[in-house]
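Here is a short briefing to read alongside the model.

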Amino acid sequence: MQNDVVSREEWLEARRALLAKEKEATRLRDSVNAARLALPWVKVDKDYVFETPEGRKSLADLFDGRSQLLIYHFMLGPDWDAGCTGCSFLSDHVDGALPHLNHHDVTWVAVSRAPLDKIAAYKQRMGWKFPWVSSFGSDFNFDYHVSFSPEDLAKDKVFYNFTPMQPADANDELPGLSAFYRNDKGEIFHTYSSYARGPEELIGTLMILDRAPKGRNEDSTMNFVRRHDEYQEAPKAPSCCH
C-alpha cells in the first residue's frame with residue numbers, strides 16, 4: 001500500500017499540521033516527565049541480597065557509589081534457556097548510554113531471577129557490558145511485581161502494571177524498570193516503576209523506525225523483533241534488474 005502522492009505545496013501543508021501535533025506531544029511529554037519527577041517516594045526498609053560476579057551485594061551496593069539507581073527487570077527465569085527477546089532488544093541499547101548515565105550520577109543494573117552462571121552465559125552470547133545480577137533466592141522480583149510463582153498464577157488475579165490482571169495474560173516473569181534514590185544518610189527510596197510498554201522510549205530503534213516510511217511495520221507489538229544474533233539476511237530492496 002502506498003500513501004497519496006501530492007505536490008510539494010500540499011505535502012508542506014500536511015507536514016505543518018503534523019508538526020503542530022508533534023509539538024503538542026513534546027509538550028505533553030515534558031509535562032509527564034515533570035509529574036514523574038514530582039512523584040512521592042517510598043522508603044525501602046527491606047534488605048535485599050543479590051548474587052553478582054564480585055560476590056553477594058545489597059541493594060545499596062548496586063548503586064556503586066552513585067545516588068541514583070535504575071534497575072531493569074530483565075525476563076530470564078531460573079529455568080529459562082535464553083533471555084526474553086523484547087528485553088534483549090531493549091538491552092541492546094544500553095551499553096552506549098552507560099558512560100553518559102554514570103557521568104550523570106546514575107547507575108544501570110539489570111536484575112533477573114536466573115542463576116548467575118546462566119546470566120553470564122547469555123550476557124556473553126549477546127556481547128553486553130552493563131552490570132547484570134541475580135535476585136535468585138530473594139523476594140526482590142516478587143515485591144516489585146515482575147515475577148510470579150505457580151501459586152500466584154493459580155489465583156484469580158495477579159498484580160502487574162499497577163492493575164489486577166488475569167493470570168492467563170501473565171507469565172512467571174514480566175518486564176519492568178524501577179528507579180531508586182540513596183541519600184547521604186544511606187537511606188534508599190523507591191521513586192518510580194514502569195511496566196509493559198512503559199519503558200518503550202528506551203528503545204532507540206523503535207524511535208528511529210517511527211520516522212521511517214513504513215514505521216514499525218508490525219502485526220502486533222514488536223512481533224518483528226529477534227535477538228540480534230538470530231536475524232536472517234535482511235530483505236533487499238526491489239531491483240529493476242530482476
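Does W128 count as buried or exposed? W128 counts as buried, because its relative accessibility is 7% (buried is under 20% relative accessible area, exposed over 50% and partly exposed in between, with a 1.4 Å probe and protein chains only). The model is predicted, so local features need pLDDT of at least 70 and side-chain atom pairs count only at pLDDT 80 or more, while totals for chains, interfaces and linings use all residues. Residues are numbered from 1 along each chain as its sequence is written, and side-chain values use heavy atoms, with hydrogens and water left out.

**Aromatic rings**
- The model has 21 aromatic pairs (rings of Phe, Tyr and Trp, the last by its six-membered ring, with centres within 6.5 Å; planes under 30 degrees apart are stacked, over 60 edge-to-face and the rest tilted).
- One of them is the tilted pair of F74 and W132, at 4.5 Å centre to centre with 45° between the planes.
- F74 sits in the loop between strand 4 and helix 3 (85-91) and W132 in strand 6 (residues 132-134), so the pair links parts of the chain 58 residues apart (helices, H or I of at least four residues, and strands, E of at least two, are DSSP runs numbered from the N terminus).
- Both partners are buried, F74 with a relative accessible area of 1% and W132 with 3%.
- W132 also pairs with W128: the ring centres are 5.9 Å apart and the planes at 45°, so this pair is tilted.
- Y72, F74, W108, Y122, W128, F130 and W132 form one aromatic cluster.

**Strand pairing**
- Strand 4 runs parallel to strand 5, joined by six bridges (strands pair if DSSP finds at least two bridges between them); Q68 has V106 in strand 5 as its bridge partner.
- Strand 4 runs antiparallel to strand 9, again with six bridges, and the bridge partner of H73 there is G176.

**Largest pocket**
- The largest pocket has a volume of about 1400 Å³ (a pocket is an open set of points on a 1 Å grid over the protein atoms alone, where a 1.4 Å probe fits, with protein on both sides within 12 Å along at least five of seven lines; lining residues have an atom within 4 Å of a point).
- Of its 38 lining residues, N33, R36, Y192, E201 and L202 are the closest to the centre.
- Helix 1 gives the most to this lining, with nine residues.

Conventions: Grid points are joined across faces, edges and corners, and a volume is the space filled by probe spheres set on the points.
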